[in-house]
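This report covers a few local features of one model. The sequence and structure come before the text.

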Amino acid sequence: MKNLFEEVRIGDVTLKNRLGMAPMTRSRALPDGTPGELAAEYYGQRASFGLIISEGTQPSDDGQGYLNTPGIYTPSHIEGWKKITSRVHNEGGRIFIQLMHAGRVSHPDNTPHHRQAVAPSAIAPGVEMFTAEGMKDIPTPRELGQNEIKEVIQEFRTAAAAAIEAGADGVEIHGANGYLIQQFISENSNHRTDLYGGSIENRARFAIEVTKAVIDEIGADKTGIRFSPQGTLNGIMEGESGNDAYRYLIGELNKLGLAYLHIMNFGNEPFLQEIRQLWTHPLLVNRPGRSLDNLSVDLDNGVADVVTVGVWALANPDFIERLKQNAHLNEVDQNTLYGGDEKGYTDYPFLNQ
Ligand SMILES: Cc1cc2nc3c(=O)[nH]c(=O)nc-3n(C[C@H](O)[C@H](O)[C@H](O)COP(=O)(O)O)c2cc1C
């Protein structure tokens, strides 16, 4: 674990170590999308991570998928996020807000306007979603018109500006896990025949235009992006041939000088190596289900500049200290991941408690 505790430069900030907290939805925001009262404490407790990437945060009413997720598009949202970012900064941490537009992975029961969800094509993801009335099938979304696509890009732009106004060190564009951006990239969720569908260049266009708009607004050194090549979450089926879209996309994005690329790696080692070759800026690597022995392997072999962990960060506010001391880790409580109060949120014990 030789590199884990070294500083690293990401965009225009220096991280005090190479461990990042992966973005995690916790569904504890107020009904209007303002982050909940405990959110500042939750993130502040985890400020010993070199970088915190926040839970997915919608840029608009349409962008919301799950119940009680925070937004970053109203004055109240900005005030709520200010409390979080200042707490994290006071504790010596850094935080990027993840901009997440859920697209078709949404239910009218969960959004403030209760409208039909929007997506590149009118294709339902074929999965269920939690609502206030329990699990429900996700309905078929409505296909976005070309003018509406421009409006969604504008929403990302204003949300990025709002995140910076709220004191965030930057934003991470959520291009992973089957949400709107990946719905454009993946052939099985994008059947468009216009400029935004068909060829790889066309399916990558939305991701690139969103990224360029965000960069134009807040600067490339404050902009990161996350992808999950070959991920199958939320009805996405890309397969090995889907990697060609990422080869193109990552090559194009590399020219823009982003703060970082964040990859969820599901075990395709050759492709991760290829990404490392294509991407000349900082690379964050997340490996779902990684073992602790494996934590620094991507740093040691030069693939990653930062490794991110999800569940461990959620259950261990002082994960960094525990690593340094080789101490035991708290177990995660699966029942309190989404929604609720401080239980399973801000009450995971620190080592000295
Ligand atoms: C409760 C929970 C919520 C999550 N929410 C998000 C999210 O909002 N955005 C995102 O990109 N990934 C999300 N993820 C995925 C994590 O960022 C991470 O990739 C995943 O947990 C695998 O890493 P791990 O094995 O270290 O936990 C979530 C994961 C969990 C457990």
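Glutamine 230 is partly exposed, with 19 C-beta neighbours inside 10 Å. The cut-offs are 20 or more other C-beta atoms within 10 Å for buried, 12 or fewer for exposed, and partly exposed in between, with C-beta atoms placed from the backbone. The model is predicted: local features need pLDDT of at least 70 and side-chain atom pairs pLDDT 80 or more, while totals for chains, interfaces and linings use all residues. Residues are numbered from 1 along each chain as its sequence is written.

Glutamine 230 sits in the loop between strand S11 (223-227) and H6; helices (H or I, at least four residues) and strands (E, at least two) are DSSP runs numbered from the N terminus. Its phi is near 70 degrees, a positive value in a residue other than glycine. Most residues other than glycine have a negative phi. Histidine 114 also has a positive phi, near 55 degrees. Histidine 114 is in the loop between strand S5 (95-99) and strand S6 (118-119), and is exposed, with 10 other C-beta atoms within 10 Å.

## Helices H6 and H7

The axes of H6 (residues 243-254) and H7 (residues 269-278) come within 9 Å and cross at roughly 25 degrees. Axes are lines fitted to C-alpha atoms, for helices over the stretch in contact, and angles run from 0 to 180 degrees between N-to-C directions. H6 and H7 are therefore roughly parallel (angles under 35 degrees).

Asn243, Arg247, Ile250, Gly251 and Asn254 in H6 meet Phe271, Ile275 and Leu278 in H7, where contact requires C-beta atoms, placed from the backbone, within 7 Å.

Definitions and conventions:
Parallel < 35°, antiparallel > 145°, perpendicular 65-115°, else oblique. Contact = placed C-beta atoms within 7 Å.
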